[in-house]
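This report looks at side-chain contacts, charged and aromatic. Please keep the sequence and the structure in view while reading.

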Amino acid sequence: MAGQTDLVALLRSRGETLKRLGREWEWKFHDERVTIRGNVWYDQYTQKGGDAVDFFRYFYGEPEEQTAAMLLNRGVTDLEKLPARSPPVKKEEPKELEIPEAHKDMRRVFAYLCQTRGVAPEVVSAFARAGLLYESAGYHNAVFAGRDGQGKIRHLHARGTLTGSQFRQTIPGSEKAYSFHWTGEGEKLLAFEAPIDLLSYISLHPEGWQTNTYVALCGVSAAPLHRLLEAQPRLEEVVLCLDNDEGGHKAARRIAAELLKEWNVAVSAAFPSQKDWNDELLSFRQEESQDVALSM
């Protein structure tokens, strides 16, 4: 009964701030991103999750009995009178991936990525030509597509392009292992938290970039890395280019340990000097502009 408590309503009643992300909500715990739907939560950085009771045990260190009593507004001794926990709710059937229709052009996406985010136009063009990036017809979102070896779209991540928009969503039905990626012929695999960070890194390090393999984890799950390492035996080096914050460092350590245990690869980390790779790129673009102004 306690485990079925609506976490969104409870956290709001405690003065916590949550942000809507499609059918889910996002709650920030220090540098960690926690997604919540009803009574279920998932920590994107540590890859842990559970129900409402697990939530308070995990984030607040409360014992199970005390947590249940608090959520049910009862004393611990009263719990003995309650019925046994109900059988688990049947899981929803996997949702089929619905692919948003593409707009006739990509003007808004180009403007957003190149002008607002500082990504090099030639990088945006390369991903667009490869069928990995397009503009949706309905909302003009930037849609980052993850395809399998046969070219079928298996994963989609959308990002709002309007000024000030915070919308971002991995479209329901997406398979995490096939998140947005570029497949090169070289031996190096570079991993990022978000698609725009991936594009930003390439804009900062453009020389021969097409030879490498890049993947945006759309979070910090190692599933896309495992799939790419299995599909491309030539890969010998993995570079974890995650965010330069507590959550990113923690995720890098976890993923590195996981990869070294299962694969014969070299694993290293490359963090930006700013918070993330897009912040790094925007700082670089600002310095470029200042240099041009001074030369004039």
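Arg 285 is partly exposed, with 24% relative accessible area; partly exposed means between the cut-offs for buried (under 20% relative accessible area) and exposed (over 50%), with a 1.4 Å probe and protein chains only. Helices (H or I, at least four residues) and strands (E, at least two) are DSSP runs, numbered from the N terminus.

The model is predicted: local features need pLDDT of at least 70, side-chain atom pairs count only at pLDDT 80 or more, and totals for chains, interfaces and linings use all residues. Residues are numbered from 1 along each chain as its sequence is written, and side-chain values use heavy atoms, with hydrogens and water left out.

**Salt bridges**

The whole structure holds 11 salt bridges. Three of them are listed here.

| Salt bridge | N to O distance |
|---|---|
| Glu 26 and Lys 19 | 3.9 Å |
| Arg 154 and Asp 148 | 2.8 Å |

Glu 26 is buried, at 3% relative accessible area. Lys 19 is partly exposed, at 31%. Arg 154 and Asp 148 are both buried. Arg 154 has another contact: it lies over the face of Tyr 178, 4.2 Å from the ring centre. That label requires NZ of Lys or CZ of Arg within 6 Å of the ring centre and within 35 degrees of the ring normal.

**Aromatic pairs**

How many aromatic pairs are there? The count is 10. Rings of Phe, Tyr and Trp (its six-membered ring) pair if their centres lie within 6.5 Å; planes under 30 degrees apart are stacked, over 60 edge-to-face, and the rest tilted.

Phe 127 and Phe 180 have ring centres 5.3 Å apart and planes at 35°, so this pair is tilted. The pair links distant parts of the chain, 53 residues apart: Phe 127 is in helix H5 (residues 121-129), and Phe 180 is in the loop between strand S9 (168-170) and strand S10 (181-182). Phe 127 is buried, at 0% relative accessibility. Phe 180 is buried too, with a value of 0%.

Trp 182 and Trp 209 make another tilted pair, 4.7 Å centre to centre, with 50° between the planes. Trp 182 lies in strand S10, and Trp 209 lies in the loop between helix H6 (195-204) and strand S12 (213-216), so the pair ties together parts 27 residues apart in sequence. Trp 182 is buried at 14% relative accessibility, and Trp 209 is buried at 6%. One aromatic cluster takes in Phe 127, Phe 144, Phe 180, Trp 182, Trp 209 and Tyr 214.

**Val 238 and the cysteines**

Val 238 belongs to strand S13 (residues 237-240). Is Val 238 buried or exposed? Val 238 is buried, at 0% relative accessibility. Leaving aside residues up to four places away in sequence, Val 238 touches Leu 189, Leu 225, Leu 229, Leu 259, Val 265, Ala 266, Val 267 and Ser 268. Contact means heavy atoms within 4.5 Å.

The structure has 0 disulfides, a disulfide being a pair of cysteine sulfur atoms within 2.5 Å. Cys 218 is buried, at 13% relative accessible area. Cys 241 is buried, at 1%.

Methods: Salt bridge = Lys/Arg side-chain N within 4 Å of Asp/Glu carboxyl O.
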